[in-house]
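Welcome, and take a moment to look over the sequence and the model before reading on. The report below walks through a few parts of it, one at a time.

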Amino acid sequence: MSDGGHEPGGHGKVPSRQRRRFAGISSRAYEHPADRSALVALRRLSGFDTVFKALSGLLPERSLRLLFLSDSVRVSDAQFAHLNDMLRDACYILDLEKVPPMYVNQDPQPNAMCIGLDDPIIVVTTGLVELLDEEEMRAVVGHEVGHALSGHAVYRTILLFLTNLAVRVAWIPLGNLAIMAIVTALREWFRKSELSADRAGLLVGQDLRASMRGLMKIAGGNHLHEMNVDAFLAQAEEYEAAGDLRDSVLKILNVLPRTHPFTAVRAAELKKWAESRDHQRIMDGHYPRREEDKDASVSDSFRQSAASYASDVKSSKDPLMKLVSDIAGGAGDLGGRMRRGFGGFAGGTPKDGTADASGGKAGDGGTGKATGEDRSGDGDADSDANKDGNGDGRD
């Protein structure tokens with residue numbers, strides 16, 4: 001498909017180029033295995049989402065639509081025309097027949113989201129529009145269209161609603177433990193679904209460097225001349241391999257409250273997928289079709305998900321993951337490995353006694369700044385974007 005590359009509003013011009021269209025593509029083609037297995041299982045629950053949609057009056061969806069309609073700018077040929085062109089282009093490339101409405105919301109925080117049950121809508125903030133150039137923004141729009149094609153908006157809202165319902169009965173004995181297990185599992189799926197949508201954004205933009213630049217800007221702001229893609233990716237590798245078992249635990253604690261993976265990790269994951277055989281097969285026109293979704297096997301999807309996690313553990317450079325891999329492989333002297341891994345915790349406290357890898361004080365849970373702020377840049381919309389405090393639109 002030809003891309004003229006002209007964008008008003010000071011975003012500059014990019015060369016025209018041809019990009020591949022994926023007719024009839026199933027979202028299973030780009031979904032992360034853990035995301036795909038959950039979605040395949042939910043899709044097989046015939047009528048479940050239909051019944052839930054019938055109860056949508058219980059949700060603030062109608063209120064949200066009216067709110068964005070009345071207090072944001074709807075993208076069209078007359079308003080933010082360059083974004084409208086990107087949206088239609090993304091839907092054309094991923095063969096999404098119904099183009100979702102898109103709104104631009106005044107908010108300096110770079111953000112975007114896809115929300116809604118019956119008809120998903122896409123919202124981007126002015127902070128994001130002003131931060132990204134045309135090709136970077138194209139990847140973000142593709143990311144959100146990927147959410148719509150996967151049905152993340154529907155299933156996320158369903159699961160969040162069920163979670164909120166469970167919170168109301170948390171007074172039941174052991175209720176809090178059960179709820180935390182649900183929330184933790186939900187957030188893990190959310191994080192994997194963001195990796196899926198990043199892949200969709202790459203399929204739309206078909207420019208890996210632009211996707212990398214966009215993620216760098218989300219992390220470091222509009223200072224591209226001060227940043228370097230290779231150095232940014234090196235951060236992700238250092239993050240994965242850094243430290244001992246203490247750091248592994250702190251990384252887990254840091255990521256648990258988040259619905260999005262850390263930005264450098266997302267960049268590394270996207271680059272790895274872009275270099276994979278799966279991505280190349282899609283680009284060559286070999287991918288699952290939407291018409292085959294009804295025949296997708298739940299058991300096969302779960303096996304693929306388990307295999308993906310096992311592969312991640314085996315190839316990981318993280319000290320804890322290495323230990324898990326050794327345990328699975330029957331390695332000896334595990335007690336000695338654990339003692340050496342924890343190093344400074346020989347006496348129960350860190351030898352330096354002051355700070356951990358997250359930048360917080362030792363003993364504060366290791367959450368540091370990451371627990372208080374989820375700067376995903378592509379759809380983390382709890383209270384800000386929803387403006388109703390329910391968090392049902394979190395993308």
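Arg88 has a relative accessible area of 39%, so it is partly exposed; here buried means under 20% relative accessible area, exposed over 50%, and partly exposed in between (1.4 Å probe, protein chains only). This is a predicted model, in which local features need pLDDT of at least 70 and side-chain atom pairs count only at pLDDT 80 or more, while totals for chains, interfaces and linings use all residues. Residues are numbered from 1 along each chain as its sequence is written, and side-chain values use heavy atoms, leaving out hydrogens and water.

Which residues does Arg88 form a salt bridge with? One is Asp77, whose side chain meets that of Arg88 at 3.1 Å, N to O. A salt bridge here is a side-chain nitrogen of Lys or Arg within 4 Å of a carboxyl oxygen of Asp or Glu. The pair links distant parts of the chain, with Arg88 in helix H4 (residues 81-93) and Asp77 in the loop between strand S3 (73-74) and H4, 11 residues apart. Helices (H or I, at least four residues) and strands (E, at least two) are DSSP runs, numbered from the N terminus. Asp77 counts as exposed, at 54% relative accessibility.

Asp85 is also a salt-bridge partner of Arg88, with the closest N and O atoms 2.9 Å apart. Arg88 and Asp85 are 3 residues apart in helix H4, so about one helical turn separates them. Asp85 is partly exposed, its relative accessible area being 42%.

The structure holds 13 salt bridges. Side chains of opposite charge can pair when their charged atoms come close. Another example joins Glu269 and Lys272, at 3.8 Å from N to O. These two residues, Glu269 and Lys272, sit 3 residues apart in helix H12 (residues 263-274), so they too are separated by about one helical turn. Glu269 is partly exposed with a relative accessible area of 25%, and Lys272 is partly exposed at 46% relative accessibility. Elsewhere, salt bridges that share partners join Arg19, Asp89, Glu134, Glu135 and Arg138 into one network.

| Salt bridge | N to O distance |
|---|---|
| Arg88 and Asp77 | 3.1 Å |
| Arg88 and Asp85 | 2.9 Å |
| Glu269 and Lys272 | 3.8 Å |

Now to the strands. Strand S4 (residues 102-105) is covered on both faces: Met102 and Val104 on one side, and Tyr103 and Asn105 on the other, are all buried. S4 runs antiparallel to S3, joined by 2 bridges, and Tyr103 in S4 is the bridge partner of Arg74. Two strands pair if DSSP finds at least two bridges between them. S4 is also joined to S6 by 4 bridges, and these two strands run parallel. Asn105 stands opposite Thr125 in S6.

Strand S5 (residues 112-115) has both faces covered as well, with Ala112 and Cys114 on one side and Met113 and Ile115 on the other, all buried. S5 and strand S6 (residues 121-125) run antiparallel and are joined by 4 bridges. Val123 in S6 is the bridge partner of Met113.

## Two loop residues with positive phi

Phe80 is found in the loop between S3 and H4. Its phi is near 50°, a positive value in a residue other than glycine. Phe80 is partly exposed, at 30% relative accessibility.

Is Asp95 buried or exposed? Asp95 is buried, with a relative accessible area of 16%. Its place is in the loop between H4 and S4, and its phi is near 60°, again a positive value in a residue other than glycine.

Helix H9 (residues 208-220) has 13 residues and reaches 18 Å from its first C-alpha to its last, close to the 18 Å expected at 1.5 Å a residue; the expected span is 1.5 Å times one less than the number of residues. Among the buried residues of H9 are Ala210, Met212, Leu215 and Ile218. At the N-terminal end, Asp207 caps H9, with a side-chain oxygen 3.3 Å from the backbone nitrogen of Arg209. Just after H9, Gly221 takes a positive phi of about 85°.

Glu240 lies in helix H10 (residues 229-241) and counts as partly exposed, at 31% relative accessibility. Glu240 and Val265 are 25 residues apart in sequence and 8.5 Å apart in space, C-alpha to C-alpha.

Terms used:
A polar contact is a pair of N or O atoms within 3.5 Å; within protein, one must be able to donate a hydrogen and the other to accept it, and residues adjacent in sequence count only if both atoms are side-chain atoms.
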